[in-house]
Amino acid sequence: MSDPGSPRPAAEAATACLEPAKAGLFTPRSDRAFARRAYQTVAPFARGLLKLLAALAILTLGRSTLADQYHVPTGSMWPTIAPGDRILVDKVAYGVRVPLTHRTLFDGSGPSAGDVVLFADPRGGSTLLVKRVIALPGQTVMLRDGVLYVDGVAQPVEQLGDGSRVEHLGLVTHAAGEPDFAAFGPVVVPPDHLFVMGDNRAASLDSRIMGAVPRELVRGRVLRVVYHHDAAGFDMSRALRSVD
């Protein structure tokens, strides 16, 4: 047995010196374990939240850039589009816009005569309108006795056996509503503009009133009716109808 007053053996002294250090190592390891458990608990929630935010961002950009749905409240395009129809619009049919702006990354071809387009009101305001392209820049438009003339050529209206009417607009045949027998024109469509009209001519506020539409105001091409909903409820017979 060593004398109490004598120095402790070297091994015993070294062990004693290590004890505080060993004791001190337990706290950081405990902190790291707690942090690891906290991360494992929070990480799935955080990853889910990030995925949700990313999905919302993609949907927002997609709606502003690629395609979107719009409700149609009026009958100016009847019977092609009825009041209460919700329509699907291809927003890259004629070019790609910078998301959430009116700036264009690049313009594509078109629109063509016969296309049904969504466009901003050339008179101003936030209202978006839906009409059919009747004539392109440089063409002459005129109406006489309910018949449309483009560059002096009549666009014939045909009465079908079921009582419905169709108009042959160049190479496009589309449903026609009530004719308007008021004379109009002739007028020449300005450069970079489109002359648009509703299929239901007697009840359409279009280029005959608001003038030709600047090409830059066109927001996309109408593809189809997604579904129909009005005060009477849903009418599934109109769901997924192609807009020609």
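In which order do the strands of the open four-stranded sheet lie? They follow β9-β8-β7-β13, with antiparallel pairing. The views below come from a predicted model, in which local features need pLDDT of at least 70, side-chain atom pairs count only at pLDDT 80 or more, and totals for chains, interfaces and linings use all residues. Residues are numbered from 1 along each chain as its sequence is written, and side-chain values use heavy atoms, with hydrogens and water left out.

View 1. Strands are DSSP runs (E, at least two residues), numbered from the N terminus, and two of them pair if DSSP finds at least two bridges between them.

**View 2. Where β7 meets β13.** Strand β7 (residues 140-144) pairs with β13 in the antiparallel sense over three bridges. Look for Thr140, whose bridge partner in β13 is Val188.

**View 3. Strand β14 and its partners.** Four of the five residues of β14 (residues 193-197) are buried, so this strand is largely enclosed by the rest of the structure; buried means under 20% relative accessible area with a 1.4 Å probe, protein chains only. Strand β6 (residues 128-135) runs antiparallel to β14 and is joined to it by three bridges, with Met197 of β14 as the bridge partner of Arg132. Two bridges also join β14 to β15 (residues 213-214), again antiparallel, and here His193 stands opposite Pro214 in β15.

How values were computed: Buried < 20%, exposed > 50% of the residue type's maximum accessible area, 1.4 Å probe, protein only.
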